[in-house]
Amino acid sequence: MTASGCVTVHGELEVVPAATRSEAAQALKDFTSAYNAADKAYDPALDADEVGGSLGAINQAGLKARQKNNPNGNANHRTLELTDATYVIPKKAGWPRWFLADTDSNRDQDSGKQDTRWLLVFVKSGPGAGWRAVYLSVVAPSQLPGFAKDADGRAEPVPEDSAGLAVAPRELSKQYTGYLQKGTPDVFTPGAATSLWRTTRQNTRRAGFSYQYIDQPLTGGAFGPLGLKTEDGGALVFFSSKHFERQTAAKGLRPEVTPDVQALLSGEVQSTLTKERVSSQLVYVPKRGAGTGKVTVLNRLPGLTSAKGS
């Protein structure tokens, strides 16, 4: 150990780059290969070791459902290609370590309004663990702010309890789910994943049916927030949340059960169907006191993870 006490034998306290660029490139290659194999066969086991967190929950449940409904695999499989990768690798001490892969996919047009970037966050939980993709966001290139750099030219991670931001990263999931439930705290810019979603849920009507929505924060382990400082003092942050939709039918009626829901269903749907979804969000958080002080949701990726009937 050095005199400053900041280095240990295993590097748990030493501030180091989370990965080498070759290591990051290999992690992206391994993920893409496993993702394609799993999608082609509709077999969640084929990429289970390459995904985690909210992306893993969504991916594994989706594959499980499609496997049940298409036991012969994906007849419409199209190989995913992720190219033009830029690796944003912050320096930090201890575990977990993580990095961002900013890539171009073959799922868009390479110019104009349909052009997008796929942002994948990879996490390594410990010295003996492998890299897992835990977040995926799809955004227009124009939505991405520049990242702040330290003296070594490395990206700077944002502490979960950062007091310099309008909302600390560890509070985002709680404040987002609280806003969806009650409309407060009103710290989010109006948009499809915030005000418009609340309005849509409040106005859901169908004769003979009632709807309830419950939103819960997800903050532990691989579901925790991860953020990078931006050049203007704000931050780009990924975070997770969980959402329930309960549909209750009047006597003599029954909620509709689609094949994808049926594949993930436990219990028997008689009068009530509860759907559980996990969602990941990519947001821009301004620095405290800047502009409107509101958080902007740049992308939201939801996925059905289970269903229950009663």
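Reader: How many salt bridges does the structure hold?

Author: A salt bridge is a side-chain nitrogen of Lys or Arg within 4 Å of a carboxyl oxygen of Asp or Glu. The structure holds nine of them. This is a predicted model, in which local features need pLDDT of at least 70 and side-chain atom pairs count only at pLDDT 80 or more, while totals for chains, interfaces and linings use all residues. Residues are numbered from 1 along each chain as its sequence is written, and side-chain values use heavy atoms, with hydrogens and water left out.

Reader: Is Arg117 buried or exposed?

Author: Buried means under 20% relative accessible area, exposed over 50%, and partly exposed in between, with a 1.4 Å probe and protein chains only. Arg117 has a relative accessible area of 11%, so it is buried. Asp84, in contrast, is exposed, with a value of 54%.

Reader: Which residue meets Arg117 in a salt bridge at 2.7 Å?

Author: That residue is Asp102, and the distance is again taken from N to O. The pair links distant parts of the chain, with Arg117 in strand β5 and Asp102 in strand β4 (residues 97-105), 15 residues apart. Asp102 counts as buried because its relative accessibility is 15%.

Reader: Where in the chain do Glu245 and Arg277 lie?

Author: The side chains of Glu245 and Arg277 also meet in a salt bridge, at 3.3 Å from N to O. Glu245 is in strand β9 (residues 235-249) and Arg277 in strand β11 (residues 272-285); the two are 32 residues apart, and the pair links distant parts of the chain. Glu245 counts as buried at 17% relative accessibility, and Arg277 as partly exposed at 26%.

Reader: How many charged side chains does the protein have, positive and negative?

Author: Lys and Arg count as positive and Asp and Glu as negative, while His and the chain ends are not counted. The place of a charge is taken as NZ of Lys, CZ of Arg, CG of Asp or CD of Glu. The protein has 36 positive and 31 negative side chains, and 8 Å separates the centres of the two sets.

Reader: What is the phi of Tyr42?

Author: Tyr42 has a positive phi of about 50 degrees although it is not a glycine. Tyr42 lies in the loop between α1 (21-41) and α2 (53-69), and it is buried, with a relative accessible area of 10%. Asp84 also has a positive phi, near 50 degrees.

Reader: Which residues does Gly53 touch?

Author: Contact means heavy atoms within 4.5 Å. Not counting residues up to four places away in sequence, Gly53 touches Val134, Ala222 and Phe223. Gly53 lies in helix α2 and counts as buried at 10% relative accessibility.

Reader: What does the secondary structure of the protein come to?

Author: It comes to five helices and 12 strands. Of the 310 residues, 47% count as buried. Among contacts with a separation of 6 or more, 66% are between residues 24 or more positions apart.

Methods
Helices (H or I, at least four residues) and strands (E, at least two) are DSSP runs, numbered from the N terminus.
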